[in-house]
Every structure is written in structure tokens, then in C-alpha cells.
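The exercises below concern one chain and its side-chain packing. Work each one from the coordinates before reading its solution.

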Amino acid sequence: GDHANKVKDDLEKANIILSLCHMPEDEGETETGLRIGTGEMTRMGMTEDVMTCIGELMARVINNYEDEQAAIQVGDEVKELTALYQEQKYCYQPVTK
């Protein structure tokens, strides 16, 4: 619970937005899992290589959790990366007759 919230909050400072989720071992209202919106990222055209890059950016924030400047630097890199993916690539196209 508390650790997952801290990680989520630290990543949010770096423009990486996650949500908490319930894990099988969680009891009651406690949520210790973190959910990454990979479906949305894929829909915007991000590939496996980009996902690897995002994982590396996340690791930099988590591994330097006491350094707020690291989160700010990663946040700037996230802005640059996401600027390349502003158009939906994979979405439902209605059939017209």
C-alpha cells in the first residue's frame, strides 16, 4: 500500500502516470500493484522498443527515489518521448457504406 503509493507518486512527478491495482495477496482495500496503461501506449503507436525505454525511465526514478531532480530530468525526457506519439495509430474505424 504505502510503498506502491510512494512509487506511483514519484513516477507521477516524472510524468509517468500509473494506477494502483489489487493483487491476489492484498487483503481488504489494500492495493500494492501498479498498473501501466500499455494498451493506450500501443494505441498511440509505441512499440516494444519504446516500452523498454519507458521501463528504463521508470527504473531511473525508482532507483533514485530520494533525488527529486532525477524525477524532473526523467519528466523532461518523458515529455520529449511522448511528443512523438500524439496521433492514434490503432483505433476503431467505422465502416461507411
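The model is predicted: local features need pLDDT of at least 70, side-chain atom pairs count only at pLDDT 80 or more, and totals for chains, interfaces and linings use all residues. Residues are numbered from 1 along each chain as its sequence is written, and side-chain values use heavy atoms, leaving out hydrogens and water.

**Exercise 1.** How many residues does the largest nonpolar core have, and which have the most contacts inside it?

Solution. Take buried (under 20% relative accessible area, 1.4 Å probe, protein chains only) Ala, Val, Leu, Ile, Met, Phe, Trp, Tyr and Cys residues and join them through side-chain atoms within 4.5 Å. The largest such core has 16 residues, with the most contacts made by Leu11, Ile16, Ile54, Leu57, Met58 and Val74. Next, assign elements as DSSP runs (helices H or I, at least four residues; strands E, at least two). Two or more core residues come from each of α1 (2-13), α3 (48-63) and α4 (68-83). The most come from α3, with five residues.

**Exercise 2.** Which side chain makes a polar contact with the side chain of Asp26?

Solution. First locate Asp26: the loop between β1 (19-21) and β2 (33-35). Then list contacts (heavy atoms within 4.5 Å). Beyond neighbours within four places in sequence, Asp26 contacts Cys21, Glu31, Thr32 and Gly33. Finally, apply the polar criterion: N or O atoms within 3.5 Å, one able to donate a hydrogen and the other to accept it, with residues adjacent in sequence counting only if both atoms are side-chain atoms. The partner is the Thr32 side chain, at 2.6 Å.

Terms used: Buried means under 20% relative accessible area, exposed over 50%, partly exposed in between (1.4 Å probe, protein chains only).
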